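This briefing covers a predicted model. The points below are grouped by topic.

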Amino acid sequence: MSTDTLTHSIGIVGARGYVGRELIALLDQHPTLRLSLAVSTTHTGQSIRDVLDAGPPDLSFTDTDPVSIAHDCPDVLVLAMPNGRTHSFIDTLDRAGAQPKLIIDLSADTRFDDNWIYTIPELHAERLHNARRIANPGCYATAMQLVLAPVLHLTATTPHCFGVSGYSGAGSKPSPRNDTSLLDAGITPYALAGHLHEKEASAHLYRPVRFAPSVAPFFRGIVLTALFDVPDGTTVEQLTDFYNTAYTDSPCIDCIGPEMPRVQDVVNTPSAIIGGITIDPAIPGRAGAVCVIDNLLKGAASQALQNINLALNLSPLLGLAP
Ligand SMILES: NC(=O)c1ccc[n+]([C@@H]2O[C@H](COP(=O)([O-])OP(=O)(O)OC[C@H]3O[C@@H](n4cnc5c(N)ncnc54)[C@H](OP(=O)(O)O)[C@@H]3O)[C@@H](O)[C@H]2O)c1
């Protein structure tokens, strides 16, 4: 039974970052989730509406003091901090007596931890029934799993993925991967071995995947190209059918067959488009497909909202318009 009319309070730690602010803008459209806490170590005391041009008009950023968070603990707590901080933050909150009904972590800290439920809603929504701690998937790892999961049973070898991300994927803290003067008019490869999202996609697809990322001089969006083997004689139409069948009940995922998807068509939306489905006419069994998403939405904030809705037994896309 849906509980779409029940109101829940929600707090965000890391609220002024790229992901936090996307989620706050989405919450402005959500009928029953009410932002009651926005934590920032650098903007404490400032009106979130003044800083972000979104959020409730009467709410200001607060600091990370666990005692005050515990005192006014929201029903849902979203962690959108840099990697490496989740466990110590939760330990501190636990000691202060904070007991949110639901915690969702957008960092990579909990994606390999069995105490946390890792979920892409279109692939494993059933895991979220009564979930209390959710590990939200990474952006490239989301695109890899969306494009590979429906066809992985066909492949006998290791798929290879090549991802290009906008520079917001590196967060707002200055780094060579979000310095527009360095990225200007080029594509910059990085982490050719050992990228965390290679490990994440491999772990959650239960199959090794190879992955090479690059960063581009546009702000947001991911183009993820997957190359994989299929049995000789497989057709583009058959591959397209596998995607359409897998995502038939998923309004956020669109499959456009052999047509090449454009990242511009998903930016600022919670959607993914899978297309560019190809069978090489010259090399038997060589196949490819492309998935495009907005890294800040389907790769982070809107996927988190889908997961929160499902865990709270709300309609899966409440507050989201694909
Ligand atoms: N960007 C993406 O495309 C993307 C996609 C999927 C997942 N993620 C993950 O989501 C998380 C947030 O990413 P982002 O891109 O929003 O990063 P960001 O723009 O750099 O924001 C990081 C946020 O964390 C806060 N913060 C920093 N140190 C903190 C601390 N010690 N305690 C509490 N808060 C702290 C910052 O605010 P103050 O400095 O004001 O405290 C800021 O709000 C990261 O774990 C990232 O890996 C990002």
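Gln99 is exposed, with a relative accessible area of 69%, a value over the 50% cut-off for that class. Gln99 belongs to the loop between α4 (86-96) and β4 (102-105). Its C-alpha lies 39 Å from that of Val263, and 164 residues separate Gln99 and Val263 in sequence.

- Seven strands form an open sheet with mixed pairing, in the order β8-β9-β7-β10-β13-β12-β11.
- The edges are held by β8 and β11 (253-255); each has a single partner strand, so one side of each is left without a neighbour in the sheet.
- Helix α9 (residues 236-246) packs on this sheet and touches β10 (222-229), β11, β12 (272-279) and β13 (286-293).
- The direction of helix α9 makes about 155° with that of β12.

- Strand β9 (residues 210-216) is largely enclosed by the rest of the structure, because five of its seven residues are buried.
- Strands of a sheet pair through backbone hydrogen bonds, in either a parallel or an antiparallel sense.
- On one side, β9 pairs with strand β7 (residues 160-166) in the parallel sense, over seven bridges.
- Within that pairing, Ser165 stands opposite Val215 in β9, and Gly166 stands opposite Ala216 in β9.
- Strand β8 (residues 188-189) runs antiparallel to β9 and is joined to β9 by two bridges.
- Here Pro189 is the residue opposite Ser214 in β9.

**Aromatic pairs**

- The count of aromatic pairs comes to three.
- In one of them, the rings of Tyr18 and Phe219 have their planes at 90° and their centres 5.1 Å apart; the pair is therefore edge-to-face, as the angle is over the 60 degrees required.
- This pair links distant parts of the chain: Tyr18 is in helix α1 (residues 18-27) and Phe219 is in the loop between β9 and β10, 201 residues apart.
- Tyr18 has a relative accessible area of 21% and is partly exposed.
- Phe219 also counts as partly exposed, at 29% relative accessibility.
- Phe219 forms an edge-to-face pair with Tyr167 as well, at 5.5 Å centre to centre and with 75° between the planes.
- That pair too connects distant parts of the chain, with Tyr167 in the loop between β7 and α7 (180-183) and Phe219 in the loop between β9 and β10, 52 residues apart.
- Tyr167 is buried, because its relative accessible area of 16% falls under the 20% cut-off.
- Together, Tyr18, Tyr167 and Phe219 make up one aromatic cluster.

**Charges over rings**

- The charged end of Arg177 sits over the ring of Tyr190, at 4.4 Å from the ring centre.
- Lys199 lies over the face of Phe112, 4.3 Å from the centre of that ring.

Notes:
Residues numbered from 1 in each chain as written. Predicted model: local features only at pLDDT ≥ 70, side-chain atom pairs only at ≥ 80, totals over all residues. Heavy atoms only, no water. Buried < 20%, exposed > 50% of the residue type's maximum accessible area, 1.4 Å probe, protein only. Helix = DSSP H or I, 4+ residues; strand = E, 2+ residues; numbered from the N terminus. Pairing = 2+ DSSP bridges. Contact = heavy atoms within 4.5 Å. Axes fitted to C-alpha atoms, helices over the stretch in contact; angles between N-to-C directions. Phe/Tyr/Trp six-rings, centres within 6.5 Å; stacked < 30°, edge-to-face > 60°. Lys NZ or Arg CZ within 6 Å of the ring centre and 35° of its normal.
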